[in-house]
Amino acid sequence: MVQSPVSAAPEAIAAQTDVRVWVNGQIVDAEGARLPHLTHSFHYGLGAFEGIRAYEVAPGVGAVFRLDDHIRRLIASCHLVTLDKALTFSHADLTQACVATLQANRLSEGYLRPVIYLGAGAMGIGATSNPVHALVAGWKWGAYLGDEGLRRGIACCISSFQRPGHATTLTKGKLTGQYINSILAKREAVGNGYDEAILLNEQGYITEATGENVFMVKDNQLITPPLGMNILAGITRATMIEMACDRGIIVVERPFARDELYCADEVFLTGTAAEVTPVRAVDGRNIGQGQRGPMTELLQQGYFDIVRGRDSRYARWLTRFDLP
Ligand SMILES: Cc1ncc(COP(=O)(O)O)c(C=O)c1O
């Protein structure tokens, strides 16, 4: 397989002809795995998905980070929208599918995208008898918000779009249709010259960014919105909280609004794709010194040590695999 540069967009990778995907239990050429045009999820957006990263931990050896937690969240997302009723693949099957996809594409490092979706059949909105399909794609993906962003921080805005509330949707599900809101917020932010958007809820509290959880540092405390709010229960968020506690940092989960964020000492975003990305400004106001802060750097370094297998205290989070 032709290796793409680390920062290559997935669109470019999808254009290659030798990509292999796992579909309903089999590794097939991506070319032959095209979706029928009456695929229900394509029309109405009912699908559950995950974003998972693997890192090279030794030459030719990869490790998937917190694979078990991602598969558990995938199955929980299916349960939220009742896709689990007709899902014929188990936790073990989906776990194995992720590793098989990396191996089939000779990726010791990359991004995995499992998707569970409703296939063709009835076209009414409430279709309950259509088959439920599973696929896993994988590609090489560098720093989601840029290498420069990881080092120097990114500029965010508070979005004009709100994160949908508990009475509107199932906010703990990683559900495909839910991301229309994120796309609109991201496009608006980038169109206005920012790198990323942070969304409020109906009460004006900070929720999360378009694909990342939000943390701020104030007076040496690490503060993040609580899980009871309408945010995704990020696996990187959980990692950050555990790492911070292990380092004796006080972690507080509580709501806060944009004024506290503007006056924070440090702000950073966490996500599987974005990893740990510092925020240097929000709405044109510098955060702290307008650069990556010391606690962000400490936790970012700690995170990369863990995912790259350099910190044996967290080896339980790594699913190691060899390339064939
Ligand atoms: C809306 C949203 N919030 C937060 C996150 C971060 O979650 P995780 O750290 O599990 O990737 C993601 C990414 O999956 C996301 O899409």
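Author: Here is a walk from the ligand shell to one of its strands. First, the ground rules: this is a predicted model, where local features need pLDDT of at least 70, side-chain atom pairs count only at pLDDT 80 or more, and totals for chains, interfaces and linings use all residues. Residues are numbered from 1 along each chain as its sequence is written.

Around the ligand sit 15 residues, and the closest are Gly234, Ile235, Thr236, Gly271 and Thr272 (a residue counts as near if its C-beta atom, placed from the backbone, lies within 6 Å). Two elements give two or more residues to this shell, α7 (235-246) and β14 (266-271); helices (H or I, at least four residues) and strands (E, at least two) are DSSP runs, numbered from the N terminus. The top contributor is α7, with three residues.

Now for β14. Six of its six residues are buried, so β14 is largely enclosed by the rest of the structure; buried means 20 or more other C-beta atoms within 10 Å of a residue's own, with C-beta atoms placed from the backbone. Both faces are covered, with Glu266, Phe268 and Thr270 buried on one side and Val267, Leu269 and Gly271 buried on the other.

As for partners (strands pair if DSSP finds at least two bridges between them), β14 runs antiparallel to β11 (residues 213-218), joined by five bridges. There, asparagine 213 stands opposite threonine 270 of β14. Five bridges also join β14 to β15 (residues 275-282), again antiparallel, and glycine 271 has glutamate 275 in β15 as its bridge partner. A hairpin through three residues links β14 to β15.

Notes:
Buried ≥ 20, exposed ≤ 12 C-beta atoms within 10 Å, placed from the backbone.
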